[in-house]
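Let's take a walk through this model, starting with its aromatic rings and ending at the ligand.

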Amino acid sequence: MTTAVTYQYWKSNSEAFSCDDQTKGARKVLEWAYHHYPSEKLVYASSFGAEAIVLIDLIYEVQHDAHIVFLDTGLHFPETYEVIDKIETRFHSLKIERIVPKLSLDEQTKEYGSVLWNRDSSRCCQIRKVIPLQEALNTKEAWISGLRKEQSPLRADTEFINKDEKFKNIKICPLIHWTWEDVWMYIKERDLPYNRLHDQQYPSIGCLPCTKPAAGNKDSREGRWSGSSKTECGLHTR
Ligand code: SF4
């Protein structure tokens, strides 16, 4: 089914995804997605942050061998790699793939100079995140993301099923109606492993050079590219 046809199908069947169940529609959306797409055509691009832990647990209930990709920029916190190891142990039948950019960090330094993230973070994200995801999605029809509407004004108009013009794909976002409190209640109730940095004032965790602890103003994206106007790495912008 083409992207346009799938999107039209969703638009005309959107009432099927009622959000009045305990998961605010997330489980139904995932059941639909894994029924609708062959498993090799659907992938979850995971950051392994708090939302990701919830999503992995929900996905596992629906598709034990789901394909998950992690964009391994080579610049993540040790705590992030630790939580991936724990998730792999707990959900061992999931296919978790770590995708690395074509340019190693040394090659990036040779080509663009050192600490590119400080001088041109958009180019750095393009090399280490956007292009690797584009390549991973070339053989897929749809991808899953943990975006929530309340995370930021840019994410507020996200729907369960979205036409993704950037990656010429369908982007499925099961957690759009979840609050930050919902995420943490679920993690605690299910006793799920999570990134220890969340206990140290990091609500959103990306690459080490571009993530700082939050000052505590309840912005769940606070601390990312702190001191600059950048709020997204380019995966979710058109
Ligand atoms: S978040 Fe920072 S270090 Fe990571 S890819 Fe983007 S600019 Fe580079």
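Searching the whole structure turns up nine aromatic pairs, where rings of Phe, Tyr and Trp (its six-membered ring) pair if their centres lie within 6.5 Å, with planes under 30 degrees apart counted as stacked, over 60 as edge-to-face and the rest as tilted. One of them is Tyr60 with Phe91, edge-to-face at 5.0 Å centre to centre and 75° between the planes. This pair links distant parts of the chain, 31 residues apart: Tyr60 sits in helix α3 (residues 50-62), Phe91 in the loop between α4 (78-90) and β3 (95-99). Helices (H or I, at least four residues) and strands (E, at least two) are DSSP runs, numbered from the N terminus. Tyr60 and Phe91 are buried, meaning under 20% relative accessible area with a 1.4 Å probe, protein chains only.

Then there's Phe77 with Tyr202: the ring centres are 5.6 Å apart and the planes at 70°, so this pair is edge-to-face. Both Phe77 and Tyr202 are buried. Ring pairs also join Phe48, Phe70 and Tyr81 into a cluster.

Now for the ligand. Helix α7 (residues 121-137) gives the most to the shell around the ligand, five residues. Of the ten residues around the ligand, Ser121, Cys124, Cys125, Cys207 and Cys210 come nearest; being near takes a heavy atom within 4 Å.

Cys124 turns up again where Leu105, Gln108 and Tyr112 in α5 meet Arg123, Cys124, Ile127 and Arg128 in α7, contact being heavy atoms within 4.5 Å.

A word on the basis: this is a predicted model, where local features need pLDDT of at least 70, side-chain atom pairs count only at pLDDT 80 or more, and totals for chains, interfaces and linings use all residues. Residues are numbered from 1 along each chain as its sequence is written, and side-chain values use heavy atoms, leaving out hydrogens and water.

Key:
Buried < 20%, exposed > 50% of the residue type's maximum accessible area, 1.4 Å probe, protein only.
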